[in-house]
Amino acid sequence: MQFSRGRLFDHVHLVVADLAASRRFYEAILAVIGVPIQTANDRHFQADELFVSTGSPLTGRVHIAFQAQDRAMVDAAYRAGLAAGGRDNGAPGERAYPPGYYGAYLLDPDGNNVEAVFHGEATRNVEAVIVTPKM
């Protein structure tokens, strides 16, 4: 089995009720994952392909999963999310998905299902695809 990352989605956009609460939640998890908030103001924030803003209508419930480098990172992201206002939706552990699937689930402040997942030991051909717009 092979997974490709960085080619299916340009971005995921969540419209939330409380931007400050959402930023605290996502910033805590993303800090553990090693992905910083890149832009932020009083109407939105962005981290790589994740874009979160205020507005209406609010996004319906979605599921997003962040890649973790190991099981310890899944555990730490789960704890960080709980501490930042997330609600438990499945404690860290192995799942009955592909062998080696280790994940944890939280509900963000708007009820979106947010997962941190480690798929087991793997080799990457590149760390990330870097896109630099031509100006």
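Biologist: Where does aspartate 88 sit?

Modeller: Keep in mind that this is a predicted model. Aspartate 88 belongs to strand 6, which covers residues 87-94.

Biologist: Which residues is aspartate 88 in contact with, leaving aside neighbours within four places in sequence?

Modeller: Tyr78, Leu82, Tyr105 and Leu106. With Tyr78, the side chains make a polar contact at 2.4 Å. The aspartate 88 side chain also reaches the backbone nitrogen of alanine 91, at 3.4 Å.

Biologist: On to the rings. What describes a pair of aromatic rings?

Modeller: Two things: how far apart the centres are and the angle of the planes. Here the count comes to 3 aromatic pairs. Take phenylalanine 25 and tyrosine 26: their ring centres are 5.0 Å apart and the planes stand at 90 degrees, so this pair is edge-to-face. Both of these residues are buried.

Biologist: And why is the pair of tyrosine 26 and phenylalanine 66 called edge-to-face?

Modeller: Because the planes are at 75 degrees, with the centres 6.4 Å apart; over 60 degrees counts as edge-to-face. Tyrosine 26 is in helix 1 (residues 19-33) and phenylalanine 66 in strand 5 (residues 63-67), so the pair ties together parts 40 residues apart in sequence.

Biologist: What are the relative accessible areas of those two, tyrosine 26 and phenylalanine 66?

Modeller: Tyrosine 26 has 0% and phenylalanine 66 has 13%, and each counts as buried.

Biologist: Which residues form the aromatic cluster?

Modeller: Phe25, Tyr26, Phe45 and Phe66 form one cluster.

Key:
Residues numbered from 1 in each chain as written. Predicted model: local features only at pLDDT ≥ 70, side-chain atom pairs only at ≥ 80, totals over all residues. Heavy atoms only, no water. Phe/Tyr/Trp six-rings, centres within 6.5 Å; stacked < 30°, edge-to-face > 60°. Buried < 20%, exposed > 50% of the residue type's maximum accessible area, 1.4 Å probe, protein only. Helix = DSSP H or I, 4+ residues; strand = E, 2+ residues; numbered from the N terminus. Contact = heavy atoms within 4.5 Å. Polar contact = N/O pair within 3.5 Å; in protein donor to acceptor, adjacent residues only side chain to side chain.
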